Amino acid sequence: MTQEQSVEMWTDGACKGNPGLGGWGALLISGTHEKTLHGGEPVTTNNRMELTAPIEALRALTRPCTVTIHTDSQYVMKGMTEWLVNWKKRGWMTADKKPVKNADLWKALDEQVQRHQVSWRWVRGHNGDVNNERADVLANQGVDEARKMAKQTA
C-alpha cells in the first residue's frame, strides 16, 4: 500500500477593480519541496480569481495527495465546506432558486477536489501568515501579467 503524498497549499486571488484586472497565486509545500504558481486575466472578478487559485494548484498535482488548502477567502471556504453539497442537489441553483454564480469554476474545483483527500483551513488575510502573504504576492504577480497582456492586445 502506497502512502499518499502530503501537500500544504496556500491560495489567493487579487483583483484591481471588480471586475477588472485579476490574478491568482498558489504556494505548494510538500516536505522540503516548494512550488509556486500564478496567473491572471485581463477582465475578471475577485471571486473568480479566489476560485482559480485552488483549481490550478490541485491541477498541478500529478497523483492523488492528501492536501490541506489554506485560503483567506470566506467565499471559497464556505462554498466548499457548506454550500456545494446543496448546490449540487439543487442542480446548481441557490436556496433562492437562482443560478450559482461562477458555477463553471465551482464545478472545476469540485472535480479537482475529487482526485485528492482535501481539507480546508481558513486564514485571516494580511494578518501575519507568512505563506498566505506569499500567495498574495503571487496573485499580484498574476495581476501584473494580466496588465501586460491587456496592453499587448490593446
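Salt bridges, then. The count in this predicted model comes to 6. I will go through three of them, and then one asparagine.

Start with Glu-34 and Arg-134. These two form a salt bridge, and their closest N and O atoms are 2.7 Å apart. On the sequence the partners are 100 residues from each other, so this pair links distant parts of the chain. Glu-34 sits in strand 3, which covers residues 33-44, and Arg-134 sits in helix 4, residues 130-153. How exposed are the two ends? Glu-34 has a relative accessible area of 48%, which makes it partly exposed. Exposed would need over 50%. Arg-134 is also partly exposed, at 30% relative accessibility.

Next, Lys-88 and Asp-110. Their side chains meet in a salt bridge, at 2.9 Å from N to O. Which elements does this pair tie together? Lys-88 belongs to helix 2, residues 74-89, and Asp-110 to helix 3, residues 103-114. The separation in sequence is 22 residues. Is each partner buried or exposed, or in between? Lys-88 is partly exposed, with a relative accessible area of 40%. Asp-110 counts as buried, because its relative accessibility is 10% and the cut-off for buried is under 20%.

Asp-144 and Arg-147 both lie in helix 4, 3 residues apart, or about one turn of the helix. Their side chains meet in a salt bridge with an N to O distance of 3.1 Å. Asp-144 is partly exposed at 39% relative accessibility, and Arg-147 is partly exposed at 32%. Helix 4 is also where Arg-134 from the Glu-34 pair is found.

Now the asparagine. Where is Asn-102? This residue is in the loop between helix 2 and helix 3, the two helices that hold Lys-88 and Asp-110. Although Asn-102 is in a loop, this residue is buried, because its relative accessible area is 16%, and under 20% counts as buried. What does Asn-102 touch? Leaving aside residues up to four places away in sequence, the contacts are Asn-47, Arg-48, Leu-51 and Tyr-75. Of these, Tyr-75 falls within the residue range of helix 2.

To go back over the pairs: Glu-34 with Arg-134 joins strand 3 to helix 4, Lys-88 with Asp-110 joins helix 2 to helix 3, and Asp-144 with Arg-147 lies within helix 4.

Definitions and conventions: Residues are numbered from 1 along each chain as its sequence is written. This is a predicted model: local features need pLDDT of at least 70, side-chain atom pairs count only at pLDDT 80 or more; totals for chains, interfaces and linings use all residues. Side-chain values use heavy atoms; hydrogens and water are left out. A salt bridge is a side-chain nitrogen of Lys or Arg within 4 Å of a carboxyl oxygen of Asp or Glu. Helices (H or I, at least four residues) and strands (E, at least two) are DSSP runs, numbered from the N terminus. Buried means under 20% relative accessible area, exposed over 50%, partly exposed in between (1.4 Å probe, protein chains only). Contact means heavy atoms within 4.5 Å.
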